[in-house]
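Subject: Handing over the structure

Dear colleague,

I am passing on the structure we spoke about, and I would be grateful if you could look it over before reading further. My notes on what was found in it come after it.

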Amino acid sequence: MAVIGTGAERIERLGRIWEERPGVLGWITTTDHKRIGLLYLFTTLVLFAAGGVEALLLRTQLIKANNGLLSPEAYNELFTLHGVTMVFFFVIPISIGAFGNYLLPLMIGARDMAFPRMNALSFWIFLASGIFMYTSLAIGDAPDAGWFNYVPLSAARFSPGPNIDFYCLGLIFNGIASTLTAVNFIVTMFKGRAPGMSMNRMPLFCFAFLAVSLALVFALPPLNVALILLELDRQVGTHFYDVAGGGDPLLWQHLFWIFGHPEVYIIILPAFGIATSIIPTFTHRRMVAFPLVALAEILVALIGFGVWAHHMFATGLPAAETVYFSAVSLIIVVPSAIQLFAWLTTLLTGTPDFQTPLLFIVGFIVFFIIGGLSGVMFAAVPFDQQVTDTYFVVAHFHFVIFGAAVFPLLGGLYYWFPKVTGRMYSEPVGKLSFWLSFAGTAITFFPMHIVGLLGMPRRVYTYPHGLGWDATNLIETLGSYLLAVGLLMVAANLAVSRFRGKRVGRDPFDGATLEWEASSPPKPYNFPVIPTVSSPYPMWDRRDRKKDERKLERGEMVLDAGHETPATTVVDAELDEILEMPSDSPWPPLLALTLALVFVFLLTGHWVTAVVFAGASAAVLGAWHWKEPEEA
Amino acid sequence: MRARTAGPPVLAVAAATLLAGCGGQTTLEPRSRPAQEISTLWWWMLVAATVVFLGALGMIGLAWLRRRHEGLPLLGNRKRLNLALVVFFGIAIPVAVNVALFVVSNFVVLKQTEAPAAASTRMTIQVIGHQWFWEVRYPGTSAVTANEIHIPARTRVNVVATTADVIHSFWVPQLNRKIDMIPGRRNRVLLYADRPGRYRGQCAEFCGTQHGHMALYVFADPPDRFRAWLANMAAPARAPSAAAERTGAQAFQADACASCHAIRGTSARGVVGPDLTHLATRTTLAALTIPNRRGDLAGWLVDPQHVKPGNRMPVLNLGRNDVKALVAYLESLR
Amino acid sequence: MRQTRALPNGWWGMAVFMASEAALFGSLIGTYFYLEFTGRQWPLGGIAAPSVTAPLLLTATLVASSVPMALASAAARRGRTGATWLLVFAAFVVQSGYLAAQIVEYTSDLDKFQPDTNAYGSIYFTLLGAHHIHVAVGLLLDLWLLARLLSGLTDYRVKAVRAIALYWYVVTAIAVFVVATQVSPS
């Protein structure tokens, strides 16, 4: 429905319609995907710092043999919390909550997610779950059975305190946020793409996040079941995991790793998506083998569901099972290798400009290769049976989870910084921050391969002299301090440039995807005109961008009659209807609060109170849906 | 895969010298066939991995050198060729390498590291994991000890690995892979030592507060020395002879030690802590945490929580005389 | 009512969410069979295998309630408020009866054995309990619909009817698998 006026008048009207409530209240009630993305970003960076401090404490305890900095109880809580924080409260939420939320609607030419209020709910639940989990540390009862929390150590008999209850309930609560985000992403990518962006024209970044979301939908339930069954064993006296009652401790391991392995692909896929965004921009060419790469991204997520028991090769599984899981673990190398060589070939055949974002991607590639190669070694069952549960595996997963998953996040922070802030970071400091982080990562984690081969098990709070581990541990600890400096330099560069960086326009890097069409920072409504799309590299289609300018003057696809966004068909993205979107709402933070109280009272064992707050949550949901969107 | 064909010899020796500790717990100084085969597999995988890594680094380096030119060096910018590169390096080569790795590791090497066939071993020992020590039994005898296992060298020994509480993992890297000790399961692993010696192992599955101090020794003895050791282990405790020892024996009962520890041949039958019947034959205490020397033993009795915080032995506030007597008694348990 | 080519966002959201619930039940059912195949006997501890008739009959009733639900969805898309309301109400009545009967069965089972008796009891009551909770939530969704439809049909409410109908289809399909698991020892 076109409203009368010129292009400038339309823009002014859009600005008024999409204006956000000012001040703190505006941030609390926001449903704008960009604000929610920033809320996630700041929260996850705080939690990253917490996980990092935990790591530095662990490494300092291990700087020399028989060190007494940390008691074994403190050490065990710290390494557990380090793992839980980094996986559940940093890398996943920053990838999907910060990067995914901020960028997905922009990249598909939409004005917001399919469910903006549910998006806000995800954030407030995430924040509440982080506070819930860290309360355990504040009261000195942090989870202490490792991030994968094996039974019977985590059962009531051997862990009688509330530590493990914090773990179970905190993760179930946290999982709700991730599930809701996954639902939001899938529906947004199915129904919210700009008209003309058929599935095969969706950017690779979006394919990666689609794969992540589908994986989350199917991977989180086994974890939730594992956690619920453990809580039932602990609180109600069921016998899922105890042998005497007919249960099996390996049931926990199967359920956990059926979640846990797809989880690591969930961790790495956003990194792949960021890499496939940065590489074309800085090599000034399209990605080599685009359809193969898109397919590979989906295949990694899919095959990732079939390999879980490679975490259990030392448990005495029947030979046929170990051989099967070894085979599939080798098969999954192929889609990763496809992507790797697509990136390398694009780098080689393009004209790469090795600015900071691309440097971080090159660092990612190097670390991904190392981590991937050690991963392939683990698929060789007898070798796994020697080095699993040693520092060799600690090396492997830090190369893939830190080196390969975090470096693209750092590169992405630099890359999209001008878009989000409208200013440019310092390039020389950026390059230095890369080299320091790269060196720090290499020096911290590479020697772990060696000390693992020399027999050092993981999760030990100290070690004796004379086993050949001393020098290597010292080097690793010093490396971790260097890494901390590199990361602080990244943070400082971005923090200072936020206020003092040179102002830039919409598209300082000549990017290919639609977020570069929006202003820097984007207006609340993202685009004055829903963009015209006819390829996966819309910003490099000058004709389509000219068409948008003409559409603005004609009032076509401006959608300024209300708080509007289009819905399109799933495969071909043909325009289907115009939807009225919600604006600021108090219900998401309120619902997060009532849900949080449910979990608090489950933790304290006050079942009736918990049920009362569950009822309150239902009431809030009712209030949320009471007012319906206006008919367009 | 015997030593003769073990990888590029120069690389292996040089790296091994650099990387290896002095015996100890390393996977790179194997002392049995299973560990040897795993080690050889590792060196070959390292070679392959290095080739791949250097190749990829080379591509990155080339990309940097040729950053002002489009297309591949010499061959130019051809879409088909680019795709072929991706398919070749991304699919064909990984498939080939992985098939080879799969076949070798899971059909050749795995045969060596699997649980030994029942008829193929000469003796069986039971190792039971506890928080945080190893109970060791020799079925067919009444021998029970803790933390320091003796086996005859060059003999196939079947280890039955179980647990009394949480999941532990039995691991002696120089002799074989690790095997988890899981409630309700009787996992088995082969222990075979090529030559006499002392091999160190450690629990390899996080099992609680003192997981970091749950190590063990495997002593591979010449056969007659082993037989003598076993005979001694099976015998009940030596009766105390000197006065100090007798006082210590009485203190042992009076100070409630017997509620947790067993000394066969006496009325002490506790099962919470390690069997102490022949404590004086062990080289270490508290699962290799401290040496078995008079001063260390006394220190342990005075304050076990200081030595190994969180372990199950409480501080008993023993008087100095009691400690002296107990030490004398325990030192007599040869 | 406005006709669209694609299924509404709300329907898709429900579909993806229900996929995750299906995975939840898949994990619970997987747990059931894992415990069965690693156990020495099943049911454990001499517990009698469950009767077949009541569970199957009840599930058939629930499946039957899909018919009024589907008809309600079709009526809503044609803008027929009265018919929609009545059909949802009919479904609600059958579904409530189903849940009431299931609760009677559940409590009678609890007299014979409990979740803390052994692993069989644990998974039996957890699997069934999880499904009954989903049915109860569905009843709340029905009540919400019935309340809102009293003030007429809008495009938004049509989407709600379709999404909640989808909820019921999936919960009903899951019921078939749950009941098959429940009676499998018999």
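The notes below go from chain A as a whole to one lysine inside it, and then to the interface with chain B.

Please keep in mind throughout that this is a predicted model.

Chain A as a whole

The secondary structure of chain A comes to 19 helices and two strands, and its C-alpha atoms fill a box of roughly 80 × 60 × 50 Å along the principal axes. Because a compact globule of 632 residues would have a radius of gyration near 26 Å, the 25 Å found for chain A agrees with that expectation. Buried residues make up 69% of the 632 residues in this chain, and, among its contacts with a separation of 6 or more, 78% join residues 24 or more positions apart.

A buried lysine

Lys34(A) is found in helix 3 of chain A, which covers residues 33-61, and with a relative accessibility of 5% it counts as buried, since the cut-off for that word is under 20%. What does its side chain reach? A polar atom of the Lys34(A) side chain lies 3.1 Å from the backbone oxygen of Pro524(A), and the side chain also reaches the backbone oxygen of Lys523(A), at 3.4 Å. Beyond its neighbours within four places in sequence, Lys34(A) is in contact with Tyr102(A), Pro522(A), Lys523(A), Pro524(A) and Asn526(A).

The interface with chain B

Between the two chains, 80 residues of chain A are in contact with 85 residues of chain B. The area buried between them is about 6,600 Å², and carbon and sulfur atoms give 72% of that area. Leu348(A), Gln386(A) and Leu453(A) supply 11% of the area that chain A buries against chain B, which is more than any other three residues supply.

As for polar links, the count between the two chains is 19 residue pairs in polar contact, while the rule finds one salt bridge across the interface. Asp248(A) forms a salt bridge with Arg185(B), with the closest N and O atoms 3.3 Å apart.

Several helices of chain A give two or more residues to the side that touches chain B, including helix 4 (72-107), helix 8 (249-283) and helix 15 (427-453). Helix 11 of chain A gives the most to that side, with 11 residues. The residues of that side divide into 56 nonpolar, 16 polar and eight charged.

With kind regards

Terms used. Residues numbered from 1 in each chain as written. Chains lettered and ligands numbered in written order. Predicted model: local features only at pLDDT ≥ 70, side-chain atom pairs only at ≥ 80, totals over all residues. Heavy atoms only, no water. Contact = heavy atoms within 4.5 Å. Buried area = accessible area lost by both parts, 1.4 Å probe. Salt bridge = Lys/Arg side-chain N within 4 Å of Asp/Glu carboxyl O. Polar contact = N/O pair within 3.5 Å; in protein donor to acceptor, adjacent residues only side chain to side chain. Helix = DSSP H or I, 4+ residues; strand = E, 2+ residues; numbered from the N terminus. Nonpolar A, V, L, I, M, F, W, Y, C, P; charged D, E, K, R; others polar. Rg over C-alpha atoms; globule rule 2.2 N^0.38 Å. Buried < 20%, exposed > 50% of the residue type's maximum accessible area, 1.4 Å probe, protein only.
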